[in-house]
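The following paragraphs guide a new reader through a protein structure. Please keep the sequence and the three-dimensional view at hand while reading.

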Amino acid sequence: MSRLELLTPEGLRVDGRRPNELRKIIAKTSVLAQADGSAYIEQGNTKVLAAVYGPQEVRHRMQILHDRAIINVEFNVAPFSTSERKKRSKNDKYDNGIKLQTSQFPRSQIDIYLQVLQHDGGTLQACINAATMALIDAGIPMIDYVCASTAGCIDKQPVLDLNYLEESSDSPELTVAILPRTGKVNLMSMESRLHVDMLESVASLATEGCEQIHTILDAVVRDTTQHLKDSLMQ
Amino acid sequence: MASTIVTPGQRLGYAQDFTAGSGTYERDGLLYASVVGVKKVLKDATSHLETITIVREKEQSAVPSVGSMITGKITKVNPRFASVSINVVDSTPCREDFQGVIRVQDVRATERDKVKIYNSFRPGDIVRAQVISLGDARSYYLSTAQNELGVIFAKSVAGETMIPVSWQEMQCPKTKVIEYRKCAKPF
């Protein structure tokens, strides 16, 4: 078989993980001084920086919404982020389904800038998680965290959190973003084909991953806010 | 339980037991947090319910609203108005300056038509003023038409801090030159 062995007979993946194992997550908040809120997240070798500016006055008068804020998301992939250095590829924008209480800020604008520093699969999920952390850091009221995770299917075995190698070897990849405390699904996207019989197990694995990510992110947020509690206790 | 850290989406209690304060929201009869911060339960004198509020780590910058007292610095003057860079709102320093203008008709309450901006403010003066309107897109409209409002600190041409001698004059202690300002009444 010429194809790379993505799943060994022992059930381990190319990077030594088990099928239902996430990559190591490192998250930090308040990494940029200029932005109102910022976050940096590493999921394995995927590294994303997010910056939030606002709520602020709307830059273009045309876009003002009189009952809520507009959200402007800019997504950028660094040319040095992949193994082959590329000139600027597609600059696509997607609505990442972040749940904000935008009605609290009428006639204003919230800018979210996402920068992929290193791309190793699962950019969308890393971007969503980074944006959530940056919005929390900015103190913008939110319904809940939005946690995203991917899951795919290799040799009929559902696997969690695909890396670039697994992603690029024609295996389907499903990205799921949920509100962990209510379990509501905010986003579900897949750009390849997956047999319908596998969908349920893949989606539930991704949801499980989201909950694990929520635990990790929540711990980071609580850890960084600890000094606030200490200062108020005095 | 004095205070605990809560994160967005965390359940705080039933809506019938508490009133939702800032940083919280109500959904399906339950109260949830919407920002990261410390939970505070406050006794409300007017209602029998206690209010839950979330005190945020980074307090939002003070924003001028109609009626608030501001302290700022005159940045430029022209015959129609004086521009002010607002530094302090009520008693909270702003994270970044806001722009305001004191129009010639808002300098004082009497003899408005005889007001000359040049005889009321100079660039560099520190003034206390009241916000009368949110103004246009660029600046807040301010007024000094009260006895307690006007210039509270000014330097003379010689560079000395001047002493107010009347409500519209200030004197330089070094050169004894009298300069005109719309002075604030000390309180």
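Does D161(A) count as buried or exposed? At 0% relative accessibility, D161(A) is buried, where buried means under 20% relative accessible area, exposed means over 50%, and partly exposed lies in between (1.4 Å probe, protein chains only).

Some conventions apply throughout. The model is a predicted one, in which local features need pLDDT of at least 70 and side-chain atom pairs count only at pLDDT 80 or more, while totals for chains, interfaces and linings use all residues. Residues are numbered from 1 along each chain as its sequence is written, chains are lettered from A and ligands numbered from 1 in the order in which they are written, and side-chain values use heavy atoms, with hydrogens and water left out.

The confidence of the prediction is expressed as pLDDT, the predictor's confidence in each residue, from 0 to 100. Chain A has an average pLDDT of 83, and 86% of its residues score at least 70. Within chain A, strand β2 (residues 37-43) has the highest confidence, with a mean of 94, and helix α4 (residues 226-233) the lowest, with a mean of 67; helices (H or I, at least four residues) and strands (E, at least two) are DSSP runs, numbered from the N terminus. Over residues 88-93 of chain A, pLDDT stays under 50, and the model has five contacts beyond four places in sequence for them, a contact being heavy atoms within 4.5 Å.

Attention now turns to charged side chains. A salt bridge is a side-chain nitrogen of Lys or Arg within 4 Å of a carboxyl oxygen of Asp or Glu, and the count over all chains comes to 16. In one of these, E166(A) pairs with R13(A), with the closest N and O atoms 2.9 Å apart. Because E166(A) lies in helix α2 (residues 164-167) and R13(A) in the segment before β1 (25-29) of chain A, this pair ties together parts 153 residues apart in sequence. E166(A) is buried at 0% relative accessibility, and R13(A) is buried at 3%.

D161(A) forms a salt bridge with R23(A), at 3.0 Å from N to O. Since D161(A) lies in the loop between β7 (157-160) and α2 of chain A, and R23(A) in the segment before β1, the pair ties together parts 138 residues apart in sequence. R23(A) is buried, at 6% relative accessibility. Both pairs belong to a network of salt bridges that links R13(A), D15(A), R17(A), R23(A), D120(A), D161(A) and E166(A).

A further salt bridge joins D144(A) and R181(A), at 3.6 Å from N to O. It links distant parts of the chain, 37 residues apart: D144(A) is in the loop between α1 (123-138) and β6 (147-154), and R181(A) in the loop between β8 (173-179) and β9 (184-190) of chain A. D144(A) is buried at 3% relative accessibility, whereas R181(A) is partly exposed at 27%.

T7(B) lies in the loop between β1 (5-6) and β2 (11-14) of chain B and is buried at 0% relative accessible area.
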